[in-house]
Amino acid sequence: MIPTGYADPALHAHGLFINGQWIGGSGIPVINPSTGSVLAEVPDASVADAMAAVEAAHAAAANWRKTPARQRAEILRRWFVLMTDHAEELATLIALENGKALPDARGEVSYAAEFFRWYAEEAVRIPGEFRPTPSGSHKILVDHEPIGVSVLITPWNFPAAMATRKIGPALAAGCTVILKPASETPLTAYAMARLGAEAGVPAGVVNVLTTRQPGQVTNAMLADPRVRKLSFTGSTGVGRGLLAEAAKTVVSCSMELGGNAPFVVMDDADLNAALDGAMVAKMRNAGEACTAANRFYVQAGIHDAFVKGLTERMAALKIGSGYEAGVQCGPMITAKAVSKIDALVTDAIKRGARATTGGAPLEREGFFYPPTVLEHVDPAADIAHDEIFGPVAPIYRFETEEEAIRMANDTEYGLAAYVYSRDLSRAMRVAGGIETGMVGINRGLMSDPAAPFGGVKQSGLGREGGVHGILEFTEPKYYAVEL
Ligand code: NAP
């Protein structure tokens, strides 16, 4: 395929985007995971480049926070329209650099653009408060001010949506930002920055930089007193390190971290609905999602039928390059990701699991692992505790509700969970017992720009999306008013 227009990788490898200018450079090859070949090369920002971005964001901040909310909203709305106009090209770009199948990439662009639409609507509705003190001594007035210059760090698995989920609320709240996308998938971020400029985002309000030294560059930005917010989406390990770094200058942090989602199927579940939901919860982005079902807990009475049904559906998926028509399961992001999945599956099989389909990496160019179903998995296996981040569905049998809840909670994570039962009060009871930030009830997909997305335990701090997301980019300021 020959990508053209906004889908052309070369168009988005011009340089860092700082203060509305493209600053040329190279040093980070972007690999097509479907083939292993280089798509383009983007710049490797130094600490000095990052400081220039902080300076630009700081210089633009005073005007941006003063810009009427309605005007900020209209710019975000235009950005939404431009993303929608270029949806097919952006989806192709995502499929090229990330590898996800085109239907998933199209879904991501639409989901990503919706954050701009939602926050265009929220920009004009930031709440305030006015109330008397209980003693009657004075009035309490609370204003939500923009928190200030914000550093946004995003992962490779949703190159568009993880960026818009942060940029949308930040801009709506009146903050200026520096976005550092993942090194594997920077082209989509640069493509969106170009559209943002076209939509009328003023110079310095959104800056984008890529670097080979994310630790050094981020630490330098966090040490700068002009930076007041860090919003990070990525692994729990990196998130823990960033929290420690941010503590040095007491920078406000929002953290969207790893997951280990349980998918619980009760005996009375509608089998076909549960299988449909399982395919969505497991195979969106070929399993490379923080909300991906990582552990399938299936009650004894429905267990064998569920294993059979899931095996048939997983085995029928068409594997191939993300951007090929008809493909349902693309490659993993890197060869390292394939090795990690392979090690988890090998460990599970050594401990007694059986692969009913798949079970070993594919011998072909690119980074492919086939859809895999494992039964008889030992709950002590590594696969029960680590994020798989791939198309592997380990299934565990349980007998009672209490056992399902106990097994679901046997993890340091608490991002997403799924429960299937025809009895809604039973489903709510089980869901209520699971320590998690989000639950899909008889539903395999929960992400929505209007909903608060986020986790408990070591899956994160704060929420993105919904009415909650914008408050992460504000500070309440209390005026004690003598009247
Ligand atoms: P990652 O390795 O933690 O990287 C995420 C981002 O952090 C990348 O931009 C990376 O830059 C950057 N980074 C790495 N080390 C850093 C450091 N020392 N200081 C500052 N930034 C640093 O995660 P990933 O492998 O890209 O993404 C997968 C993880 O993200 C999974 O655990 C998944 O569950 C999680 N995730 C969570 C959510 C959620 O909403 N909770 C959503 C999506 C993904 P480089 O690329 O340049 O290394």
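Biologist: What makes S10 and strand S11 (residues 252–256) a pair in this predicted model?

Modeller: Two strands pair if DSSP finds at least two bridges between them. S10 and S11 are joined in the parallel sense over five bridges, so they meet the definition. Within this pairing, Ser-231 stands opposite Ser-254 in S11.

Biologist: Which way does strand S7 (residues 149–153) run with S10, parallel or antiparallel?

Modeller: S7 and S10 run parallel, and five bridges join them. Here Leu-152 is the residue opposite Ser-231 in S10.

Biologist: Why is S10 called largely enclosed?

Modeller: Buried means under 20% relative accessible area. Six of the seven residues of S10 (residues 227–233) are buried, so the strand is largely enclosed by the rest of the structure.

Biologist: What makes strand S3 (residues 27–32) and strand S4 (residues 37–43) a pair?

Modeller: Six bridges join S3 to S4, and the two run antiparallel. The definition asks for at least two bridges, so S3 and S4 count as paired. Ile-31 stands opposite Val-38 in S4. The two strands form a hairpin with four residues between them, and Gly-36 in the turn has a positive phi of about 85 degrees.

Biologist: Which class does Arg-426 fall in, buried or exposed?

Modeller: Arg-426 lies in helix H13 (residues 424–433). Its relative accessibility is 15%, and the limit for buried is under 20%, so Arg-426 counts as buried.

Biologist: What is Arg-426 in contact with, leaving aside its neighbours within four places in sequence?

Modeller: Arg-426 is in contact with Met-266, Asp-267, Asp-268, Gln-299, Glu-401 and Ser-421. Contact here means heavy atoms within 4.5 Å.

Biologist: What is the phi of Ala-286, and where is Ala-286 found?

Modeller: Ala-286 has a positive phi of about 55 degrees, although it is not a glycine. Ala-286 sits in the loop between helix H9 (271–283) and strand S13 (293–299). With a relative accessible area of 5%, Ala-286 is under the 20% limit and so counts as buried.

Biologist: Why is Asn-442 called partly exposed?

Modeller: Partly exposed is the range between the buried limit, under 20%, and the exposed limit, over 50%. Asn-442 has 35% relative accessibility, so it counts as partly exposed. Asn-442 lies in the loop between strand S18 (438–441) and strand S19 (460–461). Its phi is near 55 degrees, a positive value in a residue other than glycine.

Biologist: How do you know that the protein agrees with the rule for a compact globule?

Modeller: For 483 residues, the rule gives a radius of gyration near 23 Å; the protein has 23 Å, which agrees. The C-alpha trace spans about 65 × 65 × 40 Å along its principal axes.

Biologist: What else describes the protein as a whole?

Modeller: Its secondary structure comes to 14 helices and 20 strands. Of the 483 residues, 57% count as buried. Among contacts between residues at least 6 apart in sequence, 73% join residues at least 24 apart. The accessible surface comes to about 18000 Å², of which 54% belongs to carbon and sulfur atoms.

Biologist: How many side chains are positive and how many negative?

Modeller: There are 43 positive and 53 negative side chains, and the centres of the two sets lie 3 Å apart.

Technical notes. Residues are numbered from 1 along each chain as its sequence is written. This is a predicted model: local features need pLDDT of at least 70, side-chain atom pairs count only at pLDDT 80 or more; totals for chains, interfaces and linings use all residues. Side-chain values use heavy atoms; hydrogens and water are left out. The radius of gyration is taken over C-alpha atoms; the globule rule is 2.2 Å times the number of residues to the power 0.38. Buried means under 20% relative accessible area, exposed over 50%, partly exposed in between (1.4 Å probe, protein chains only). Accessible areas come from the Shrake-Rupley method with a 1.4 Å probe; for residues, only the protein chains shown count as cover. Lys and Arg count as positive and Asp and Glu as negative; His and the chain ends are not counted. The place of a charge is taken as NZ of Lys, CZ of Arg, CG of Asp or CD of Glu.
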